[in-house]
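These notebook entries record what I looked up, element by element. I begin with the conventions and then turn to strands, helices and a loop residue.

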Amino acid sequence: MDTNADNMILPFAKNIFTQPPYKSNPPDLLGGFCSGCNDYFFPKPGYCPKCLGNIQTRPIGNKGTIYSFTVVRTPPLFDLPSPYAIGYIDLIKTKLRVFGLFDPEALDQLKIGARVVLSVKSLGTDSQGSPRLRPCFILEPENEHTMI
Amino acid sequence: MAVASVTGVGIIPFGKHSGKSIIDMGAKVGYLALKDAGIDPSKIQAGFFANGLAGRLFGDSTIGQNVFWELGINKIPVVNVENACTSGSSAFYLAYNMVAANQVEIAMVIGAEKMCVPEFGLINSGETELDTQLGLIAPASFAMRAIRYMDEYDCKPEQLAQVAVKNRQHARLNPNAQFKDPISIDMVMDSPMIVDPLTRFQCCPIADGAAAVILCSENIAKQMNRSVNIESAILCTGSYGNNQDMILWETDTRGCNLAYEKAGIGSQDIDVFECHDAFTISEILHYEALGLCDPGEGIRFLEEGHSRLGGKKPVNVSGGLLSRGHPVGATGVAQIGEIVTQLRNEAGPRQVEGAKIGLAHCMGGDKSGDTKSCTVAILSV
């Protein structure tokens with residue numbers, strides 16, 4: 001993840017996740033926060049959709065549980081691995097339900113309620129075919145013992 | 001008395017139409033609708049043309065003016081409508097409101113789509129959207145609903161597959177359907193896996209196709225023999241709030257209830273339904289949103305045969321998207337056309353006996369785990 005090679009690779013989009021190198025701070029998703037409404041959003045909107053106030057960029061959490069998932073077996077867009085898995089994750093910190101990729105190495109072990117943690121990997125490309133960093137959720141190891 | 005009616009329907013078989021352009025197909029169904037209504041083209045006062053994908057696939061835009069011109073219809077307002085899978089029913093919604101507001105007396109809606117081309121991939125919300133860049137394609141959002149539904153209500157993929165089998169049985173009776181050969185649960189389950197747990201036969205096929213309807217005011221309808229009343233036509237969008245429930249679909253339920261409320265009737269009063277069965281799980285979720293059964297009872301409703309032709313609430317007797325095919329811009333118009341045909345008692349072997357009230361339901365697009373649009377139209381005779 002945090003190798004020199006991956007440091008050369010650009011994120012697939014701006015302001016969706018914190019940038020490497022991660023060192024003591026693990027990767028986190030970036031969303032929006034409205035201090036007036038005390039509400040988080042992902043992805044970050046231009047204005048607060050509730051009060052039209054200013055939105056700050058904030059980390060929204062890197063741990064959660066799987067709400068649902070699927071494995072996509074059609075030829076992928078952006079040269080993603082084939083097959084690949086996606087789903088909705090309920091983040092513990094902000095209670096947001098966010099859409100994201102799962103670790104392509106562990107497709108068979110996905111389960112509703114399983115605990116996941118965010119990782120950032122070189123996954124797929126941009127529309128020109130250059131490799132890009134994308135966030136993906138990996139199953140937490142203790143998952144084998146404690147299912148929610 | 002309804003403020004607007006449908007007085008003409010035109011449709012061509014859905015499937016591959018090699019060598020036919022969107023304009024060719026659109027003009028053909030427009031011609032058929034004019035003939036069906038017995039109306040001269042000069043009487044059409046507004047035209048709405050629906051198409052979902054020609055901009056992306058062919059770089060085309062404002063096709064409607066070309067289509068209506070082919071029919072000798074010009075000078076009038078023509079509006080091109082794109083609203084993903086509800087493009088056709090959104091165009092119908094606009095035409096209905098224009099007639100209801102007494103702005104015109106007769107309006108025509110044409111939906112046409114060409115998808116059977118080598119350029120076509122899987123539908124997504126556009127490659128610049130965040131979800132698409134993270135791998136979301138349209139079938140996947142329904143696959144996630146299916147996995148959550150099966151987990152919550154303890155049912156199996158084979159049970160979902162029965163939707164495809166039922167709608168294929170219906171399609172056999174519809175000469176305009178794309179796929180008419182019977183299929184079994186085993187065939188559905190053995191077809192290639194697209195997005196777990198949805199196999200190919202649980203996903204609606206791409207198709208070329210077109211459909212048209214002509215709407216008219218109450219005054220004009222009185223002079224016509226076979227007009228069908230529009231009791232309500234609604235369009236709503238999602239809330240896109242967080243923590244979308246992927247089973248109890250708030251937008252779907254809200255849309256259906258709004259249509260019932262505006263028509264002053266409930267699901268118990270309706271004899272025949274067309275709903276947006278883009279995937280097998282979709283039809284199960286829509287039974288529940290339409291109020292045909294309680295949440296979690298969709299599979300049982302299907303297995304007890306209530307949604308079959310001959311059941312108490314037949315759903316998708318046309319074959320639905322799963323077997324009639326899904327030329328995006330044409331679908332919403334074709335669904336309304338099917339309900340009109342049923343209420344006119346002209347549906348031949350797939351006729352729902354004594355149908356007096358029917359409902360057409362359509363959904364399109366994805367945003368934040370919700371739909372981008374939901375339309376419902378209720379018609380009666």
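**Entry 1: conventions.** I note that this is a predicted model, in which local features need pLDDT of at least 70, side-chain atom pairs count only at pLDDT 80 or more, and totals for chains, interfaces and linings use all residues. I number residues from 1 along each chain as its sequence is written, letter chains from A and number ligands from 1 in the order in which they are written, and take side-chain values from heavy atoms, with hydrogens and water left out.

Entry 2: I looked up the bridge partner of K63(A) in β8(A), and it is V117(A). Helices (H or I, at least four residues) and strands (E, at least two) are DSSP runs, numbered from the N terminus. Two strands pair if DSSP finds at least two bridges between them. Strand β5 (residues 63-72) of chain A is joined to β8(A) by 3 bridges, and the two run antiparallel. On strand β9 (residues 131-139) of chain A I found 8 bridges to β8(A), again antiparallel. Within that pairing, L118(A) stands opposite F137(A). β8(A) and β9(A) form a hairpin with 5 residues between them. In its turn, G129(A) has a positive phi of about 95 degrees.

Is strand β8 of chain A mostly covered or uncovered? I found it mostly covered, since 8 of the 11 residues in 115-125 are buried. Buried means under 20% relative accessible area, exposed over 50%, and partly exposed in between (1.4 Å probe, protein chains only).

**Entry 3: a three-stranded sheet in chain A.** I traced an open sheet of 3 strands with the order β3-β2-β4 and antiparallel pairing. Its edge strands are β3 (39-41) and β4 (56-61) of chain A, each of which pairs on one side only. Neighbouring strands are turned by 45 degrees against each other on average, direction ignored. Strand β2 (residues 29-34) of chain A is joined to β3(A) by 3 bridges. C34(A) stands opposite D39(A) there.

**Entry 4: an enclosed strand in chain B.** Why is strand β7 of chain B largely enclosed by the rest of the structure? The reason is that 9 of the 9 residues in 209-217 are buried. In a regular strand the side chains alternate between the two faces of the sheet.

β7(B) has antiparallel pairing with strand β1 (residues 4-11) of chain B over 7 bridges, and with strand β4 (residues 106-113) of chain B over 8 bridges. A4(B) has S217(B) as its bridge partner, while I110(B) stands opposite A212(B).

**Entry 5: helix pairs in chain B.** Axes are lines fitted to C-alpha atoms, for helices over the stretch in contact, and angles run from 0 to 180 degrees between N-to-C directions. Angles under 35 degrees count as roughly parallel, over 145 as roughly antiparallel, 65 to 115 as roughly perpendicular and the rest as oblique.

I examined helix α4 (residues 87-100) and helix α14 (residues 328-343) of chain B, whose axes come within 5 Å and cross at roughly 60 degrees. They are therefore oblique to each other. S87(B), G88(B), S89(B) and F92(B) of α4(B) meet G329(B), G332(B), V333(B) and I336(B) of α14(B), where contact means heavy atoms within 4.5 Å. These residues divide into 3 nonpolar, 5 polar and no charged. Ala, Val, Leu, Ile, Met, Phe, Trp, Tyr, Cys and Pro count as nonpolar, Asp, Glu, Lys and Arg as charged, and the others, Gly among them, as polar.

Helix α6 (residues 138-153) of chain B packs against α11(B) at an angle of about 65 degrees, with the axes 9 Å apart. That makes α6(B) roughly perpendicular to α11(B). Among the residues that meet are F142(B) and Y149(B) of α6(B) and I281(B) and L285(B) of α11(B). This contact has 6 nonpolar, 1 polar and 2 charged residues.

**Entry 6: a loop residue in chain B.** V117(B) lies in the loop between β4 and α5 (130-133) of chain B. I recorded V117(B) as buried, with a relative accessible area of 17%. Leaving aside neighbours within four places in sequence, V117(B) is in contact with L57(B) and F58(B). V117(B) and H326(B) are 209 residues apart in sequence and 14 Å apart in space, C-alpha to C-alpha.
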